[in-house]
Structure formats: structure tokens, C-alpha cells
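Thanks for making time, everyone. Let me put the structure up, and then we can walk through it.

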Amino acid sequence: MPIDPTLPYDPNNIFAKILRGEIPNKTVYEDEWALAFHDINPQAPVHVLVIPKGPYVSWDDFSVRASSDEIAGFIRAVGQVARDLGLVEPGYRLLANIGQHGHQEVPHLHVHIFGGRQLGLMLPR
Ligand code: AMP
């Protein structure tokens, strides 16, 4: 079920639990601002999620409330992960789902990194 992105941050969401180390993840990158880990249900040969360490529901919430340092740190982390995974030359796709129409399921901002194959059209027709 898509989440309501206008609700306050829920500290019991699954990515908050991952950040607190309460449930395991396959980490590919971590720094002061972000954690990146393999998606549990990959949709491409490479499917990694990058999340900010702060409590932000969605891209909308993050873009309003996060500090400039948090935003810069997170954006740089997304690029770093893609470089570390060797995705720049073949290319890759970033996706952030927001709310109902975006079909966001986890209420903690996450950017999907997809790669490792030709990804085709941007959206299903
Ligand atoms: P979204 O629809 O953008 O909210 O996507 C949520 C993503 O989180 C989906 O691709 C799920 O497969 C992924 N996911 C859910 N739980 C976990 C988990 N425990 N570890 C890694 N990925 C997860």
C-alpha cells in the first residue's frame, strides 16, 4: 500500500530500523549522511537503495526540512555509490517514489539505483 507522504515521520518504519541496526541489510556504502544497501527484491541486476540518515518521509519532506549539508551529503553519496558500483560508463537510473501516485511503500526517503542492464523506457505505457 502506498504511504501518505504528508504524515509525520514514523520512527518504526523498516528503514529506520535498518539505520538503528535492528534488522540486517546488505550494506554497499555508508558515510555521515547516507546508507546504501541492496534492495531485498531486486528489479534489475543492480538495485541499491540510498537513504539519508536523518528522519525524512520523502523527497518532498527532505527538500523542505533537511539542512544544506544533509542535502549535499546525500546527493553526493548517491553519486558515489553509482561510481563505486561501476555504473557511470554503462549508465544507470535513479528513482524516488513519493506518495500515492509514486507508489511509495516505505515512509523514509530512499533513492533507487538501477543498473546492470538496458533499462528501456522511462515508464510503463
Ligand atoms: P518504494 O515503493 O519506492 O517505497 O520501494 C520500497 C523498496 O524497499 C522496495 O523496492 C522493497 O523491495 C524495498 N525493501 C523493503 N524492505 C526492505 C528491506 N528490509 N531491505 C531492503 N529493501 C527493502
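**Fold, surface and rings**

Reading from the N terminus, the elements go α-β-β-β-α-α-β-α-β. That makes 4 helices and 5 strands. Keep in mind that this is a predicted model.

Overall dimensions next. The C-alpha atoms fill a box of roughly 40 × 35 × 30 Å along the principal axes. The radius of gyration is 14 Å, which agrees with the value near 14 Å for a compact globule of 125 residues.

Take the contacts with a separation of 6 or more: 58% of them join residues 24 or more positions apart. Of the 125 residues, 40% are buried.

The accessible area is about 7600 Å², and carbon and sulfur atoms hold 56% of that. For charges, we have 10 positive and 14 negative, and their mean positions lie 6 Å apart.

Last topic: aromatics. How many aromatic pairs does the structure hold? There are 3. One of them is Phe15 with Phe37, edge-to-face, at 5.4 Å centre to centre and 75 degrees between the planes. This pair links distant parts of the chain, with Phe15 in helix 1 and Phe37 in strand 2, 22 residues apart. Phe15 counts as buried because its relative accessibility is 7%. Phe37 counts as buried too, at 3%.

Then Phe62 and Phe74. Their centres are 5.4 Å apart and their planes sit at 75 degrees, so this pair is edge-to-face. Phe62 is in helix 2 and Phe74 in helix 3, 12 residues apart. Both are buried. Ring pairs also bring in Tyr56, giving a cluster of Tyr56, Phe62 and Phe74.

Definitions and conventions
Residues numbered from 1 in each chain as written. Predicted model: local features only at pLDDT ≥ 70, side-chain atom pairs only at ≥ 80, totals over all residues. Heavy atoms only, no water. Helix = DSSP H or I, 4+ residues; strand = E, 2+ residues; numbered from the N terminus. Rg over C-alpha atoms; globule rule 2.2 N^0.38 Å. Buried < 20%, exposed > 50% of the residue type's maximum accessible area, 1.4 Å probe, protein only. Contact = heavy atoms within 4.5 Å. Areas by Shrake-Rupley, 256 points an atom, 1.4 Å probe, with all protein chains shown as cover. Lys, Arg positive; Asp, Glu negative; His and termini not counted. Charge placed at Lys NZ, Arg CZ, Asp CG, Glu CD. Phe/Tyr/Trp six-rings, centres within 6.5 Å; stacked < 30°, edge-to-face > 60°.
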